[in-house]
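Good morning, colleagues. Please look at the sequence and the model on the screen while I take you through a few of its features.

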Amino acid sequence: MKDLRGDLRTKRLYFDGGFGTVLQGMGLKSGEAPEIWNITHPDEVTGVHRAYIESGSNIITTNTFGVNRDKYENYAELISAALDCAEKAVGGSEAYIALDIGPTGRMLEPLGDLSFEEAVSIFASNVRAAADRADLIIIETMNDCLETKAAVVAAKENSSLPIFVTNVYDRSGKLMTGADPAAMTAMLEGLGADAIGMNCSFGPDVMLEIIDRFTESSSLPLIANPNAGLPLVEDGKTVYDISAEEFADYMVRLAEKGVTVLGGCCGTTPAHIKAIADAVKGIPGHRVPDVKKYFRLSGLDPLVVTENTNFVNVGERTNVAGSRKFLNLIKAGSYEEAVHIARSQVENGAQIIDVNMDDAMLDSPEAMKKFLLYTTSEPDIARVPVMIDSSKWEVIETGLKCVQGKCAVNSISLKEGEAPFLEKARKIRRYGAAVLVMAFDENGQADTLERRLAVCKRSYRLLTEQAGFKPEDIIFDPNVFAVATGMKEHDNYAKDFIDSVKAIKEAMPLCRISGGVSNVSFSFRGNNTVREALHSVFLYH
């Protein structure tokens, strides 16, 4: 039995190289879609696969990069024919067949007209057409963070196959839509990808400059499938400027830096793959990541909370309950002005922005979608992660479909019991988000040290053992309550919260703690001097 996930942990793997460019050398005309050859020239397509296997490839990609139901009415027939060709080539060998999924060819909202849901549906059609015959799914040449997310969600929901993801980075190490490799790492690890990396782009030399951003941030096996340099036109033919031998020299250096899966993209040939396989013999294939487990979120940039990180500030002025000005702008449909509030929050030090649209006078799901799409098109705001905040699940799920990168959800609790808690938690995991959990159960809000710790431990067990959460993706809010209310039973509220933070960290050390600091001084509303003093003392402890 083949065991790809096991092989990723123990050995070097080799993808194949370019497909369309090889077919061009076999007669594919300019402007002719290479995927059509699955039906019209199956022997040639099978021959390309065989040539790569003979050169050392142990993963071959189906000739389906440009196939989807938007482009081809007979997309399922093209995918089936591609799998026929790949299966013939593999025969009794140990090579794996990867279903190749490329971009839809359309831009997602707000830059285009394709919705997240429709993108998921398009990718899901491809996955369902091949899930019972392919060994893995390779989602490649993606340059949009949100489209990448849609493809992974579709793959996870419609198959149990391993998922590899490679994106296209420019010379600065960014996607076309601005995401950084470490930001993509946070998102893709949250979504449950099995291996991640880069393909296409400018060539192996550029990948060599970028790879450290992956090795420093990812615990997953890494992939490098570069072009053979840049295309040139000689005597009317397109050629690439890096020879097989030069290409292999670069790939050796990538392997030495910890890349587990090597291959090629445009302009590479079976000769390039053979040169790689020969050159990297003796370099250990399995990368042992030295990446500490930290709480990680991302917008276009990563947010990593380490032991040296000070308080992480969550800006709550983009919350209709936290800013009357923001509420009035949203009610008036003045989203462009409302975005200025988000920008102001980021400029003034918010490392996360909390977005909440819970108001009886609003269509909350629509308001959440509109506002988040506006912020997506503003790089100064989109660089920080979002905390999607609502008491309504429909609003949270709407937000999860609009957010680039890895966000957090605020919040879920055991208030309604374990079954609803787990249902929501699993859906949040579907989108690769972190989760904020309130210390609240069927008996109400936890207001003592003992109750806070018990509710958080129970939530932690359910999240890690049944919902698939990593401990470092969990935030607990142990409830900040007002002191000095005049009721004796409230006198210990602040101390109990402070003691709860210590107890929760000791019991569940990788989890984070959140608290609404202003609540502690609520008895003194209207007296900012006292409130500020109370906040300072509370935060100090």
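Tyr14 stands opposite Leu262, a residue of strand 10. This is a predicted model, and what I describe is computed from it. The two strands concerned are strand 1 and strand 10, residues 261–262, which pair in the parallel sense over 2 bridges.

How many strands form the open sheet, and in what order? There are 8 strands, arranged 1-10-7-6-5-4-3-2, and their pairing is parallel. Strand 1, at 13–14, and strand 2, at 59–61, are the edge strands, since each of them pairs on one side only.

I turn next to another pair of strands. Asp389 has Asn410 as its bridge partner in strand 16. Is strand 16 largely enclosed or largely open? Of its 5 residues, spanning 408–412, 4 are buried, so strand 16 is largely enclosed by the rest of the structure.

Finally, the surface. Which residues form the negative patch? Asp241, Glu245, Glu246 and Asp249 make up this negative surface patch. Glu246 belongs to helix 10, which covers residues 244–256. With a relative accessible area of 41%, Glu246 is partly exposed.

Definitions and conventions
Residues numbered from 1 in each chain as written. Predicted model: local features only at pLDDT ≥ 70, side-chain atom pairs only at ≥ 80, totals over all residues. Heavy atoms only, no water. Patch = residues over 30% accessible without salt bridge, like charges linked within 9 Å, V, L, I, M, F, W, Y side chains within 5 Å. Areas by Shrake-Rupley, 256 points an atom, 1.4 Å probe, with all protein chains shown as cover. Salt bridge = Lys/Arg side-chain N within 4 Å of Asp/Glu carboxyl O. Lys, Arg positive; Asp, Glu negative; His and termini not counted. Charge placed at Lys NZ, Arg CZ, Asp CG, Glu CD. Buried < 20%, exposed > 50% of the residue type's maximum accessible area, 1.4 Å probe, protein only. Pairing = 2+ DSSP bridges.
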